[in-house]
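Look over the sequence and structure before reading on.

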Amino acid sequence: MTFVLLGNERNGKAGASRSTASPCRDQALKPPCQGINGWVLADGSYESTARATPPAYVAPTTTSAPPLTPTDFTLDLKTYSKQCFGSAGCNVVVEPALTYKGSAETLLSHGMCSMTYDITGDESGTVTDTLSFVGTSVTAHRSVLSTPSSKTKVSVKIVSVSCT
């Protein structure tokens, strides 16, 4: 069996024989030349220009912040006025003061939120009200209470938080 080496010179020396045929589709062209989906190079090798299949689109993953809960906040009552009438009790005007335990950016990511809370200490029973907030901007209402005694403690408790 006899092998004949066809190709270019190696290390400055000619091979056993040299191919004179052009590897290009048009025999009048000399390498490099355009082949099907690539280039035929001078050494006869082929370099593909075909594009690889583009990767499938993967939607970016977004992690939404966990829902807000009453434990994420503290709610205190600021007393604006208090007028007592001896043994007849007092009229007290209070407004909720909200504090978020996390960052303002996290709070903003939740959009428009509302918080329902209960105020105890009014002689007629529990007063339920709602405040709203977007980020650190809070809209709350003052509540007027009538306490049965000047020693009555007025307190507040968060019932629920919901965001849209």
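The model is predicted.

**Disulfides**

A search of the whole structure finds 2 disulfides. The table gives their geometry.

| Pair | S-S distance | Angle about the S-S bond | Hand |
|---|---|---|---|
| Cys-84 and Cys-90 | 2.0 Å | 95 degrees | right-handed |
| Cys-113 and Cys-163 | 2.1 Å | 105 degrees | right-handed |

Cys-113 sits in strand β6 (residues 112-120) and Cys-163 in strand β10 (residues 155-163), so this link ties together parts that lie 50 residues apart in sequence.

Are the cysteines of this pair buried or exposed, starting with Cys-113? Cys-113 has a relative accessible area of 2%, so it counts as buried. Cys-163 has 30%, so it is partly exposed.

Now the other pair. Cys-84 is partly exposed because its relative accessibility is 39%. Cys-90 is buried, at a relative accessible area of 2%. The cut-off for buried is under 20% relative accessible area.

**Asp-129**

Asp-129 belongs to strand β7, which spans residues 127-134. Which side chain of opposite charge is nearest to Asp-129? That side chain is Arg-142, 11 Å away. Asp-129 is buried yet has no salt bridge. A salt bridge would need a side-chain nitrogen of Lys or Arg within 4 Å of a carboxyl oxygen.

What does Asp-129 contact, leaving aside its neighbours within four places in sequence? The contacts are Met-115, Thr-116, Tyr-117, His-141 and Ser-143.

Definitions and conventions
Residues are numbered from 1 along each chain as its sequence is written. This is a predicted model: local features need pLDDT of at least 70, side-chain atom pairs count only at pLDDT 80 or more; totals for chains, interfaces and linings use all residues. Side-chain values use heavy atoms; hydrogens and water are left out. Helices (H or I, at least four residues) and strands (E, at least two) are DSSP runs, numbered from the N terminus. Buried means under 20% relative accessible area, exposed over 50%, partly exposed in between (1.4 Å probe, protein chains only). Lys and Arg count as positive and Asp and Glu as negative; His and the chain ends are not counted. Contact means heavy atoms within 4.5 Å. A disulfide is a pair of cysteine sulfur atoms within 2.5 Å.
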